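Have the model open as you read.

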Amino acid sequence: MTSVVSQKREKLDALLDDAEKSISEGRVPLQMFSNPDVFELETEKLWSRVWTFIGHESEIPKPGDYIVRNIGPYDSIILIRDSDGVIRAFSNICAHRGMRLCRADVGNTSHFRCPYHGWTYNDKGRLIGVSYRDSSYGDYPVLEKYEEGLSKVKVETYSGMIFGNLNPKAEPLKEFLGDFTWYLDMMTKRTDGGLEFYPPLRHISNFNWKIGAENFGTDSYHFRTTHRWLIVVGIFPDIDFVGTQASTNGHGISVITGDPTKAPLPMMYPIHWPGLLPLAQQHLKPGQWDVFSKAFTFHGNLFPHLSFLNTSQGRGSFLTFRTWTPIAPDKTEFMAWFAVEKDAPEKFKQKSYDDYTQQHSLAGAVEQDDIEIWKYITKNSKSIAARKIKLNYDVGINNRNPVKDWPGPGLTAGIPNEMVAIEFWKKLVKYLRQ
Amino acid sequence: MEEAGQVPKAVTDGRAGTPVDEKTYREVVQFLYREAELQDLKKNREWLALWTQDASYFMPLRVTKEREVSGLLERKQGGFIVDNREFLEDRVRREETDFAWAENPPSRTRHFISNIQVEEGGGKNEVKVKSNNLVYVHRGDDTSYDTFSYGRQDILRKVDGSWKIASRVIITDQSRLTIDRISFFL
């Protein structure tokens, strides 16, 4: 007789076999978005050991500054800059009886005290005190026994961006990012000061996290349908997007340049902050400068769920990063940061923020239409029909030869394309399989 | 004078202002009820006409902090909504196209307003209005509805004999918003 466990294993294997085969043919089974078994498997196999973006150094500038963030659906993480300036991360769980230690989003502290029995930890996560020690523990050396204190979360930074990993044996962050740093640098290292991240907007909405990740990673194709109102009212020209997609290791970027033979697209910074251009030219490598200076938009997704958009879409120029943290198969916390060069003029920062917010966020005149679509894809992915429907990723199928003379790393293809999304899915299934 | 588009101190310090006379109070309440009706009927052009040319429509971010009820962030730290008059007009124009997918088919909304306090203040010909608000939203064949609770601090200005909204600050009661999206006016 087959056990329940092995039956489930067989079901999952069949699901993954089907997904793997479909993806190799440029198709994705619709049920992959909200199948509860996939969600469970992602928790076990992906979020438990993948590097995820959890914050930016500029969010915790001073010793004692902390923020509370999530990794995957269930893990609350305290991210703190300790009194020595070192960034540390811990599970937000008292080592004594499992109470959540910190229930605020943000603050500054020298210690965390558990409200249950008063176990107290310092800014390095070390247990430094327990209540009523003599009457409760006598001469038993409780502090020494629990010296380790809070459960540590591996944390590393790249270019000011803080990543956490629940697997203590995870590969170094640099290895995980790989060649993709070439593209990250184009957005994060344009000036001496680098970026500052503003406090994030947080929103829980009814869609699966992967839809956001693949939309930002690959999808310039939807723009002129989903966001057509921008064209109808004359905010945006009605022209083809062209350019290059690049994918390395499941991370993907789309660099849109516009068709030079037609009406020009608004370039990223010349109008709103021309002062950035000489700085960027000085800080970027010649190949990066070449890509940046000709681009109208960068959008992409750092696997698994850090999406970004740097654009002049709308009326100004802005840069945003966002994560799609799963809460349930059909529920996601969407956390969105506005980012800007620290050395930018104050006037530009304000204008850039306002333009970004007007278009994006849950009230944004652009993003609210995306959310509508993502919600209904998610609903549909729960249907019985979804078990046999395979989604089509053939956009740009004839345009997947390596782009000639492209200075950056990775697999490249012409825009519009859905190559980056296919690479994202390959990487995801690889995690789920291992 | 409170600066338009900033989080007014009164929102967080609970300071009582000087109430306006009864006639003004009645006018303002009537104005707010009429505005809510226009919102629910989606008469966006008529609704837009209720705003001044220098309008500011702002919803600050709100975070959970220890021993601090407000948690409201300053204007310069961002917001959920940071509209000026120009962008309010864009939102109205957007819904006049065939491509405002989030509102086509339209949401059914019902705006409720209570706890209305009208105080002297702001600038010349202006009053400050505080209110508690709840909007009920249902869309399509959804199996559930959204409710969204928020406070408002408005500055109304009398322009050519009619009240207009010069500034509105929306105070959300959530830090992580659970409403599907905000595709209607608050």
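## The nonpolar cores

The largest nonpolar core takes in 133 residues, and A:Phe298 and B:Leu186 are the ones with the most contacts inside it. Helix 14 of chain A (residues 419–433) gives this core its largest share, eight residues. Bear in mind that this is a predicted model.

What does B:Leu186 touch once its neighbours within four places in sequence are set aside? The list runs through B:Gln39, B:Tyr57, B:Met59, B:Ile81, B:His111 and B:Val135, then on to B:Phe148, B:Tyr150, B:Arg152, B:Arg168 and B:Ile170. There's also a second, separate core: it has 18 residues, among them A:Tyr66, A:Cys114, A:Tyr121 and A:Leu150.

## Rings meeting rings

Searching the whole structure turns up 48 aromatic pairs over all chains. One to look at is A:Trp324 with A:Trp374, an edge-to-face pair with 5.4 Å centre to centre and 80° between the planes. These two sit 50 residues apart, so to speak bridging distant parts of the chain: A:Trp324 belongs to strand 18 (residues 318–328) of chain A and A:Trp374 to helix 13 (residues 367–381) of chain A. Are they buried or exposed? A:Trp324 has a relative accessible area of 0%, so it is buried, and A:Trp374 counts as buried too because its relative accessibility is 2%, with the cut-off for buried being under 20%.

Then there's A:Phe424 with A:Trp425: their ring centres lie 5.9 Å apart and their planes meet at 85°, which means the pair is edge-to-face, since planes over 60 degrees apart count that way. A:Phe424 and A:Trp425 are both buried.

Ring pairs also build a cluster in chain A, linking A:Phe53, A:Phe163, A:Phe180, A:Trp182, A:Tyr183, A:Phe197, A:Phe308, A:Phe321 and A:Trp337.

## The largest pocket

Now for the open space. The largest pocket has a volume of about 690 Å³. It is lined by 34 residues, and the closest to its centre are A:Phe197, A:Tyr198, A:Pro199, B:Leu73 and B:Gln77.

Which elements of chain A each supply at least two residues of the lining? They are strand 3 (65–71), strand 6 (106–108), strand 12 (195–197), strand 13 (201–205) and helix 12 (346–359). By residue type, the lining of this pocket splits into 14 nonpolar, seven polar and 13 charged.

How values were computed: Residues are numbered from 1 along each chain as its sequence is written. Chains are lettered from A and ligands numbered from 1 in the order in which they are written. This is a predicted model: local features need pLDDT of at least 70, side-chain atom pairs count only at pLDDT 80 or more; totals for chains, interfaces and linings use all residues. Side-chain values use heavy atoms; hydrogens and water are left out. On a 1 Å grid over the protein atoms alone, a cavity is a set of points where a 1.4 Å probe fits but cannot get out, and a pocket is an open set with protein on both sides within 12 Å along at least five of seven lines; lining residues have an atom within 4 Å of a point. Grid points are joined across faces, edges and corners, and a volume is the space filled by probe spheres set on the points. Helices (H or I, at least four residues) and strands (E, at least two) are DSSP runs, numbered from the N terminus. Ala, Val, Leu, Ile, Met, Phe, Trp, Tyr, Cys and Pro count as nonpolar, Asp, Glu, Lys and Arg as charged, and the others, Gly among them, as polar. A nonpolar core is a set of buried Ala, Val, Leu, Ile, Met, Phe, Trp, Tyr and Cys residues joined through side-chain atoms within 4.5 Å. Buried means under 20% relative accessible area, exposed over 50%, partly exposed in between (1.4 Å probe, protein chains only). Contact means heavy atoms within 4.5 Å. Rings of Phe, Tyr and Trp (its six-membered ring) pair if their centres lie within 6.5 Å; planes under 30 degrees apart count as stacked, over 60 as edge-to-face and the rest as tilted.
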